[in-house]
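User: I have a chain on screen and want a quick walk through it. Can you start with the surface?

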Amino acid sequence: GGVHDYPLSMKMTYSYMPNFTTSEKALLKANRPDFLGLNHYGTGFVRFNCSGDGTASSSCVSEDGLVQAVSVWLFQAAWGFRKLLNWVADRYGKDLAIMGTESGWSDNT
């Protein structure tokens with residue numbers, strides 16, 4: 001894992017993810033991006049190991065108490081977006097610009 005590799009949760013969920021070599025990780029570390037583009041649509045509460053098998057795919061999501069859009073899959077909470085922005089800034093550095101590249105909300109207007 002680490003900043004210059006796929007997150008462990010992603011590797012656990014998608015076993016076909018390629019492995020970075022040590023030299024590839026060094027290239028990623030030496031060539032930091034100018035900004036991070038971030039898509040964000042909705043927020044949900046995730047709980048690990050709902051099925052009891054302990055795998056990454058055993059998680060479940062609940063949107064109880066969150067505002068739902070017209071789209072049945074879209075739930076919103078501004079604090080969820082803020083938590084995501086804070087997590088990205090903490091992981092990759094507060095000096096890395098974060099650009100919101102997509103977001104959205106559906107209604108009947």
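**Surface, fold and loops**

Analyst: The protein exposes about 8,000 Å², and 56% of that comes from carbon and sulfur atoms. Accessible areas are from the Shrake-Rupley method with a 1.4 Å probe; for residues, only the protein chains shown count as cover. This is a predicted model: local features need pLDDT of at least 70, side-chain atom pairs count only at pLDDT 80 or more, and totals for chains, interfaces and linings use all residues. Residues are numbered from 1 along each chain as its sequence is written, and side-chain values use heavy atoms, with hydrogens and water left out.

User: How many helices and strands are in the protein?

Analyst: The protein has 3 helices and 6 strands. Helices (H or I, at least four residues) and strands (E, at least two) are DSSP runs, numbered from the N terminus. The pattern along the sequence is α-α-β-β-β-β-β-α-β.

User: Why is the protein called more spread out than a compact globule?

Analyst: Its radius of gyration is 17 Å, well over the 13 Å that the globule rule gives for 109 residues, so the protein is more spread out than a compact globule. The radius is taken over C-alpha atoms, and the rule is 2.2 Å times the number of residues to the power 0.38. Along its principal axes, the C-alpha trace spans about 50 × 40 × 20 Å.

User: What percentage of the residues count as buried?

Analyst: Of the 109 residues, 17% are buried. Buried means under 20% relative accessible area, exposed over 50%, and partly exposed in between (1.4 Å probe, protein chains only).

User: And what share of the contacts is between residues 24 or more positions apart?

Analyst: They make up 58% of the contacts with a separation of 6 or more. Contact means heavy atoms within 4.5 Å.

User: Now α3. Which of its residues are buried?

Analyst: G80, L85, V88 and A89. Their cover includes β1 (35–39) and β6 (97–102). Helix α3 covers residues 78–92, 15 residues in total. From first C-alpha to last it reaches 21 Å, close to the 21 Å expected at 1.5 Å a residue. That expected span is 1.5 Å times one less than the number of residues.

User: What comes just after α3?

Analyst: G93, with a positive phi of about 105°. N49 also has a positive phi, of about 65°, although N49 is not a glycine.

User: Where is N49 found?

Analyst: In the loop between β2 (45–47) and β3 (60–62). N49 is partly exposed, at 29% relative accessible area. S59 is found in the loop between β2 and β3 as well. S59 is partly exposed, at 33%.

User: What does S59 touch?

Analyst: V46, R47, F48, N49 and C50, not counting residues up to four places away in sequence. S59 and K11 are 48 residues apart in sequence and 15 Å apart in space, C-alpha to C-alpha.
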